[in-house]
Amino acid sequence: MNLNTLHLFVAIVQTGSLSKASERTGVPIATISRQIAELEKSLQIQLFNRQKSGVKPTMAGQKLYDEVHLSIDNLLNAKQVLLDDEQNLKGVLRISAPPAFEPVLWWISKFQQQFAHIHIHCTLTERYLDLANDGIDVAFRIGDLHGDDFITKKVLTLGTKWVASPDLLARLGTPKTISDLANYPIASWAKNGESEMVIQMNKAKIALPIAFASNDSYAVEYMILQGLYIGQMSAVTADEWIAKKHLVEILPQFDTPTFEVFMLYAAHRYRSAIVKAFVEFVLDEIQTD
């Protein structure tokens, strides 16, 4: 038997009507009626006598109630105790993520609405921090990483777009192909010493010189917005600036790279309640989305 259905059954007996049981449990009357009908069908027993004043359990219904209501009440009490413990979680959660990484900031803001007593310190950096040595509880990183010391969960796939300011396009014209970009100043994220970006086009590779390189994606975004360079941005960020008419998407007919984002946390056998709560919160959020 389904515990949720038994919970509804107990609520009906205790309140004496489907409508009052609905108010108590927050479950629509139609849903309650259907689940009780399914319970009666599975047991092959009528559990309630329907009357104008409400419903009363049959003898079989009363017997079932006597057998299960204490257990159901105990389970509900236990659930509430656990929820209360979660809501009263206190402590510090240390998170690392790339700069200007809005999805993570959004999750953090929603998490703190639910867990108001948890203090969060969020380090935004392009550098890969060491979970143990840098005291990080949960890290978000672009690209899949494997190791025995941590667990990874994929949380996002980020698309990218080529963008430029309307002023730059008015001055230099709009590129029609990827090869045309070689004639434009390009801003790009890059490691120290990298002076070009390589674009895979079918079986061919096109090397494009980088005029402005930085290991900070915000710096790249800033330079593109100043109308000085063409570049790639995450689709989420680009769409915001395009909607405000500060940027224009270029070369939309060509495929752009996508990047997978992973959540990492230490592979301890027993994680702290705070880390566990945050990890489960994020996983629930991405399933809901």
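This is a predicted model: local features need pLDDT of at least 70, side-chain atom pairs count only at pLDDT 80 or more; totals for chains, interfaces and linings use all residues.

Author: Residues are numbered from 1 along each chain as its sequence is written, and side-chain values use heavy atoms, with hydrogens and water left out.

Reader: Why is I199 called buried?

Author: Buried means under 20% relative accessible area, exposed over 50%, and partly exposed in between (1.4 Å probe, protein chains only). I199 has a relative accessible area of 11%, so I199 is buried.

Reader: Which residues is I199 in contact with, leaving aside its neighbours within four places in sequence?

Author: Contact means heavy atoms within 4.5 Å. On that basis I199 is in contact with W162, I178, A204, K205, I206 and L208.

Reader: What makes β7 and β12 paired strands?

Author: Strands are DSSP runs of E with at least two residues, and helices are runs of H or I with at least four, numbered from the N terminus. Two strands pair if DSSP finds at least two bridges between them. Strands β7 (residues 160-164) and β12 (residues 230-234) have four bridges, in the antiparallel sense. Within this pair, W162 stands opposite Q232 in β12.

Reader: What is the strand order of the open sheet, and why do β11 and β13 stand at its edges?

Author: The five strands run β11-β8-β12-β7-β13, with mixed pairing. β11 (212-214) and β13 (248-250) each have a single partner strand, so one side of each is left without a neighbour in the sheet.
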